[in-house]
Amino acid sequence: MNHLHGQYDSPIVLLSFLIAVAASYSALGLAGKIARAKGLSYTVWLIAGSCVMGAGIWSMHFIGMLAFHVEAEVHYNVYITLLSLAAGIIASYFAFRGTAAPDAGMKKLLQAGLFMGSGVVAMHYIGMAAINKPIILAYDPLFVGLSVVVSLAASYAALFLFRKFRRVEGYSKWKLMSAIVMALGICGMHYTGMRASRFVLAPAHYKEAGFVAPQSFLLVGVALAIFFVLVVTFGAMFFDRNVLERMAYHDSLTGMPNRNQLARYFEDSFSGNASGFLLFIDLDRFKTINDTLGHDAGDLFIKEVAERLGRAISGDQTVFRLGGDEFLVVSSSGTKQEAIRLANELVTIIKRPYSVLGNEIYMTTSIGISLAPEHGHNRTALLKAADVAMYRAKTAGKNQFQLFDEETDRMHVRKLELERDLRKALANKELRIYYQPKWDAERNCISGMEALLRWEHPRLGMVSPAEFIPIAEETGLIVSITRWVLIEVCRQNRSWQQRDLVHVCVSVNMSIRVFESSMLCEMVEEALMESGIEPGDLELEITESIAMYDVQDTIRQLQHLKGLGVRVSMDDFGTGYSSLGNLDEIPIDALKIDQMFIRQSAQPSKQAIISTIIAIAAHLKLEVVAEGVETEEQIGFLQSRGCRMMQGYYYGKPMDVDALESWLLSKGGNVSKSIS
């Protein structure tokens, strides 16, 4: 047996280190994406990073072998060589899987370092075992142990640094440091392991011809491994920039830039210091299309709207889809006049008819405008201002645009404050129920009451129902509030009856949201059962808009209530939708003439309308109640037309329970205790 002597080619040794750094940097970059990925993307990045790291370690090892020349021809077993490659890939997989996890702590770091260090050691010594006879390897235990220590220490250090940049995209000094540390560990382990190796050869095979380079198989294998590392790395970069980035920064339905791209746009192209504008575009009643024609039709409609917006813009103007039926047009250098002109043009363009799946669709839009730098310098401020202006456009009647102003902002802030506090108002017992009497002018006695909701805000005082009821409807709080009102009204009415103070029907106003919830019948039954009053002592007031929203469903719910014995009246008749065509089908007991007509009852045209409503009610055998009665002249006119039930300040303002009871006692014999 003869000991073989070897020597290193210094340039190739340096090359092995550089390849280890490059492979480590690429692999750590790919593995860093694991922490930001989910689902299939997580698996793809994990496997890609593991393959690149494993192939890089393997390449460095065999380039190091190429740099080492011995006095004999070296042959490698292909299968054992491939096994060494697999060892590096598998070790990298488990190491990256542990350290890329969101909850990766020191325990997982230690486990990952053990996997990576052991994998590097295993790859090296399996690769060395691939050397075929007649060359036989022997090892110095001291240097073998030292190589293991070097590998584990470097792996722990590199993965510890990796944790610092695992959620950072692009170049990072921590990533470069980790790659250098990892490369030092791989090279240090390899060359320490080579120092531990003794090559021996039987005398019959000893060659005196000098040093021999490794076989061509090794060159081909290393070349393929490096090529693989490059292909995977550049393939991942291409996929990331051209596929994943497009998915992340563009809307999948319209192809337009999305919210993520909007943030990037403001960082790169919108300074906020020069003139510019935002148009916040929201389609009115888009939900109706999805509900009636289906989501496929809704998607096609959104694409058509996006195309129209795309054709309308010019210059540096950009359209973003924020989601649903919301779009944003941004200009980094536009003026106020240009913003107004464009908004006016978009309102006109969007309201043109659409043809979707054989259906002709008409749509309107509400647009809010904010200007830079008047309304803000950054994305957050300008977007908020445009959003507030858009909601003002909706409140003002839709199908128009509004420019942001300070008053709008104050109104928006107040609305948000009221919405926040309204969620706690019921629990904090801030809501009050006032009662306004209805009067029978012919019999000169009370004939009923209307329950009216009031909010006594601890800081703002009494908040108008016209202000907080729409908020309650928008947020859905109106359903729970109505449940509470029904129970309280029925309990209070029962209390008056038991005290023999008054016995009349009390009406409660309904919201369209309560009908939409399909919980109205359940709520009424609960209130009747808990209070113990007769169903005829409760009346529900609906508006024309409720009756016409979904006629068949409204009729179904009202018929159920009528079956219980509950009364139903139609409030503000003649001011909302035209319900005359269905009036005879809707199960109601009374019509209430809106106070707008009563206030203007001196006008002949309004007198004609009032007379017609009273005549319609008489023909349909419905009771009629006039709201807003304030003068004796109005009373005289209404009585002359056959209306005897009246409600208004002339007879009594809305009062809380204590004030109402005092009012009832003051009326004495004019209080009816049997009318229902």
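Predicted model: local features only at pLDDT ≥ 70, side-chain atom pairs only at ≥ 80, totals over all residues.
## Strand β16 and its partners

In strand β17, Glu 539 is the bridge partner of Ser 507. Strand β17 covers residues 538-543, and four bridges join it to β16, with the two strands running parallel. On Ser 507 there is another pairing to look at: Glu 450 stands opposite this residue of β16. The strand involved is β14 (residues 445-457), which is joined to β16 by four bridges and runs parallel to it.

How much of β16 is buried? Strand β16 spans residues 505-509, and four of its five residues are buried, so the strand is largely enclosed by the rest of the structure.

## The nonpolar cores

The largest nonpolar core counts 82 residues, and Met 449 and Leu 538 are the ones with the most contacts inside it. Helix α15 (residues 477-498) supplies the largest share of this core, with ten residues. If you display Leu 538 and set aside its neighbours within four places in sequence, you will find it in contact with Leu 486, Cys 490, Cys 505, Val 506, Val 508, Val 524, Leu 528, Ile 533, Val 566 and Arg 567. A second core of 31 residues is separate, and it includes Phe 277, Leu 283, Phe 286 and Ile 350.

Helix α15 also holds Arg 483. Beyond its neighbours within four places in sequence, Arg 483 is in contact with Met 519, Glu 522, Met 523 and Glu 526. For one of these, Met 523, the C-alpha atom is 5.8 Å from that of Arg 483, although the two residues are 40 apart in sequence.

## A five-stranded sheet

Now let us turn to another sheet. Five strands form an open sheet in the order β7-β8-β6-β11-β12, with mixed pairing. Its edges are β7 (318-323) and β12 (400-403), each of which pairs on one side only. On average, and ignoring direction, neighbouring strands here are turned by 20° against each other.

Within the sheet, β6 (residues 276-284) and β11 (residues 364-372) pair in the antiparallel sense over nine bridges. One example to pick out is Leu 278, whose bridge partner in β11 is Ser 370. Helix α12 (residues 379-395) packs on the sheet, where it touches β6, β7, β8 (326-331), β11 and β12. The direction of α12 makes about 145° with that of β11.

## Where helices α8 and α12 meet

Helix α12 has a helical partner as well: α8 (residues 259-268) packs with it at an angle of about 125°, their axes 10 Å apart. The two helices are therefore oblique to each other.

Which residues make this contact? From α8 come Arg 259, Leu 262, Ala 263 and Phe 266, and they meet Arg 379, Leu 382 and Leu 383 in α12. By type, the residues of the contact divide into five nonpolar, two charged and no polar.

## Met 646 in strand β21

Our last stop is Met 646, which sits in strand β21 (residues 645-647). Is Met 646 buried or exposed? Its relative accessible area is 0%, so Met 646 is buried.

Not counting residues up to four places away in sequence, Met 646 touches Pro 437, Lys 438, Trp 439, Ala 441, Val 625, Ala 626, Val 629, Ile 635, Leu 638, Gln 639 and Tyr 651. Val 629 is 17 residues away along the chain, and its C-alpha atom is separated from that of Met 646 by 6.7 Å.

Notes:
Residues numbered from 1 in each chain as written. Heavy atoms only, no water. Pairing = 2+ DSSP bridges. Axes fitted to C-alpha atoms, helices over the stretch in contact; angles between N-to-C directions. Contact = heavy atoms within 4.5 Å. Parallel < 35°, antiparallel > 145°, perpendicular 65-115°, else oblique. Nonpolar A, V, L, I, M, F, W, Y, C, P; charged D, E, K, R; others polar. Buried < 20%, exposed > 50% of the residue type's maximum accessible area, 1.4 Å probe, protein only. Core = buried A, V, L, I, M, F, W, Y, C linked by side-chain atoms within 4.5 Å.
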